Amino acid sequence: MSSALVVLRQRSVRRYLVSTAAASIGINIVITALFKQVFDITGDAFDIGLLGLAQFVPGVLLALPSGVAADRFDRRRVAAGFLAVRLLCAGGLVAFSLGVERGEGAVWVLMLAAVGIGTADAMIGPSNRSILPSMVTAEDVPRVVALWTATFTGSSIVGPAASGLLYSVDPALAYAVAAGLTATAIPLLLGVTYRDGIVDTADDRLGAGQRPSLRLALEGLVFIRRSPVVLAAISLDLFAVLFGGAVALIPVVASDRLGVGDVAYGWLRAAPGVGAALMALYLAMRPVERRVGPTLLWVVAIFGAGTVVFGATTDYVVAFVALVVLSGADMVSMFIRGTLVPLATPPEQLGRVSAVEGVFIGASNELGAFESGLAARYLGVPWAIMGGGVATIVIAGVFAVAFPSLRRIDTFAEVTPEMDDRIEVSRSSG
C-alpha cells in the first residue's frame with residue numbers, strides 16, 4: 001500500500017488538501033467569532049442554540065438537492081461556487097462588525113449570516129467529499145482520508161486559536177482574514193484533476209439520459225436504510241454529536257465557569273482540534289486496520305466520558321484536557337466512518353449518500369448546538385453537558401447490541417457495496 005508521502009506526491013491531492021486547509025481555517029475563524037459575538041451581545045446561552053439552529057435548517061432542507069447536485073454536476077465547481085457564498089457571508093460579517101462599532105446592527109443579522117453559512121455548507125459537503133475517491137485508487141483511499149482528516153482537524157486548531165486572538169483585536173479583522181482564506185481555497189479546488197479513466201460528467205454518475213428527479217434524490221436515503229453498516233456508522237455519530245454538543249457551549253463555560261478572556265477562550269475552542277490533529281497524525285502513520293467495528297463503538301463511549309468530565313470541571317486545564325481526549329476519540333470515529341462509507345457505497349450513489357450523511361453528521365453539530373443551548377437554559381450548563389455525555393455512552397451500548405453487522409467488522413477489506421447482500425444471505429441461511 002502506498003505510504004502517505006507517496007500519495008502526497010500527486011499534485012491534485014496536494015491541491016485538495018491545501019484547499020481544505022484554507023477553507024477549514026476560514027470557517028473555523030468565522031464560527032468561533034460568530035458564537036462569541038452573539039454571546040457577547042446578548043449574554044444568553046439560548047441564543048447560541050438559536051445560532052446552531054439557523055445553521056441546521058438549511059442542511060435539512062438541502063439534503064436531497066445537494067446530493068443530486070453532487071451527482072449531476074461537476075463536483076469541483078459545485079463546491080467552489082458555494083465556497084463563494086461563504087466568502088460573501090464573511091464579507092457581510094465584516095460590514096456588520098464595523099457597524100457595531102458605530103452602534104449599528106442587530107443580532108438578527110448574525111442569525112441571517114448563520115443561515116447563509118449553513119446553506120453553503122450543506123451544498124459544499126456532498127460534492128467536496130465525493131471528489132476524494134475520484135482522485136486516487138481504492139487502495140489509497142484510507143491514506144488520503146487520514147491526510148484529509150489530519151488537515152481538517154489541524155485547521156480546527158489554527159482557526160479557533162487565531163480567531164480568539166483576532167477577535168480580541170477586532171471582530172471585523174477575524175472575519176476579514178477568514179474571507180481571504182476562503183478566497184484562496186476556491187481556485188485550488190477548481191485545479192483538482194481526477195485519476196486516469198475518471199470523467200466528471202452527469203452521464204457517468206446518474207446514467208445517460210436520466211434527469212434529476214425525486215426518485216433519484218431519494219436513492220441515497222433508500223440505500224442507507226437498506227445498508228446496516230452505513231446506517232449504523234453515520235447514525236451512531238449523529239446521536240453522539242447531537243447529545244455530546246459540548247463545544248457549542250464553550251463561550252458560556254469560558255466566561256461563566258472558568259472566568260477566562262477572549263484569547264483563552266480561543267485556545268479552549270482550539271482544544272478539540274489539538275486532540276483531533278494529534279490523533280489524525282497517529283492514524284496517518286498507523287491507521288486502524290483490525291477490529292474496526294468494535295473500535296468505532298468504544299471511541300464513541302470515550303467521547304461521551306470526556307464530555308461528562310468537561311461538564312463537571314471548573315478548572316481550565318482539566319477542561320482543556322477533556323476536550324483534547326473527547327476530540328481524539330471523535331477523530332478515530334471520523335476516520336473509521338470516512339473510510340467505511342465510501343467503501344460500502346456504489347460510486348454512482350456516493351454524492352447522494354454523502355448528502356444524507358451531511359445531515360446525519362454535519363448538520364447534527366448545529367442541531368446539537370441548539371439542543372445544548374436549550375438544555376442549558378432549563379438545566380444549567382453543567383447538567384446540560386454532563387447529561388449529553390451520559391446519553392452518548394448509553395447510545396454506544398445500544399448500537400453494539402442493535403447493529404451486530406457493524407460490531408463484527410474486523411478489517412476494511414471486508415467492506416464493499418455488496419457486503420450487505422452477503423449479510424442478508426447469511427441471515428437467511430441461518
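User: What makes α2 largely enclosed by the rest of the structure?
Analyst: Count its buried residues. Buried means under 20% relative accessible area; exposed means over 50%, and partly exposed lies in between (1.4 Å probe, protein chains only). In α2, 25 of the 32 residues are buried, so the helix is largely enclosed. This is a predicted model: local features need pLDDT of at least 70, side-chain atom pairs count only at pLDDT 80 or more, and totals for chains, interfaces and linings use all residues. Residues are numbered from 1 along each chain as its sequence is written, and side-chain values use heavy atoms, with hydrogens and water left out.

User: How do you know that the length of α2 agrees with its residue count?
Analyst: A helix here is a DSSP run of H or I, at least four residues, numbered from the N terminus. Its expected span is 1.5 Å times one less than its number of residues. Helix α2 covers residues 11-42, so its 32 residues should span 46 Å. The end C-alpha atoms are 47 Å apart, which agrees. Just after α2, Gly 43 takes a positive phi of about 70°.

User: What makes the contact between Lys 36 and Asp 40 a salt bridge?
Analyst: The term needs a side-chain nitrogen of Lys or Arg within 4 Å of a carboxyl oxygen of Asp or Glu. Lys 36 and Asp 40 meet at 2.9 Å, N to O. The pair qualifies. Both residues lie in helix α2, four residues apart, about one turn of the helix. Asp 262 joins Lys 36 and Asp 40 in a network of salt bridges.

User: Why is Lys 36 called buried, and why is Asp 40 called partly exposed?
Analyst: Lys 36 has a relative accessible area of 10%, so it falls on the buried side. Asp 40 has 42%, so it counts as partly exposed.

User: How many salt bridges does the whole structure hold?
Analyst: A search finds five. Among them is the one between Asp 74 and Arg 77, at 4.0 Å, N to O. Arg 77 counts as exposed, because its relative accessibility is 62%.

User: Why does the pair of Asp 121 and Arg 86 tie together separate parts of the sequence?
Analyst: Their closest N and O atoms are 2.9 Å apart, a salt bridge. Asp 121 lies in helix α6 (residues 107-135) and Arg 86 in helix α5 (residues 75-101), so the bridge ties together parts 35 residues apart in sequence. Arg 86 is buried, at 13%. Asp 121 is partly exposed, at 26%.

User: Why is Arg 291 called exposed?
Analyst: Its relative accessibility is 51%, so Arg 291 counts as exposed. Arg 291 sits in the loop between α13 (262-285) and α14 (292-312). Its phi is positive, about 50°, although Arg 291 is not a glycine.

User: Which residues make the nonpolar surface patch?
Analyst: Ile 302, Val 317, Val 321 and Val 325 make a patch of about 330 Å². Helix α15 (residues 316-344) gives the largest share, three residues. Val 325 is in helix α15. With a relative accessible area of 43%, Val 325 is partly exposed.

Key
Helices (H or I, at least four residues) and strands (E, at least two) are DSSP runs, numbered from the N terminus. Patches are made of residues with over 30% relative accessible area and no salt bridge: like charges are joined within 9 Å, nonpolar side chains (Val, Leu, Ile, Met, Phe, Trp, Tyr) within 5 Å. Accessible areas come from the Shrake-Rupley method with a 1.4 Å probe; for residues, only the protein chains shown count as cover.
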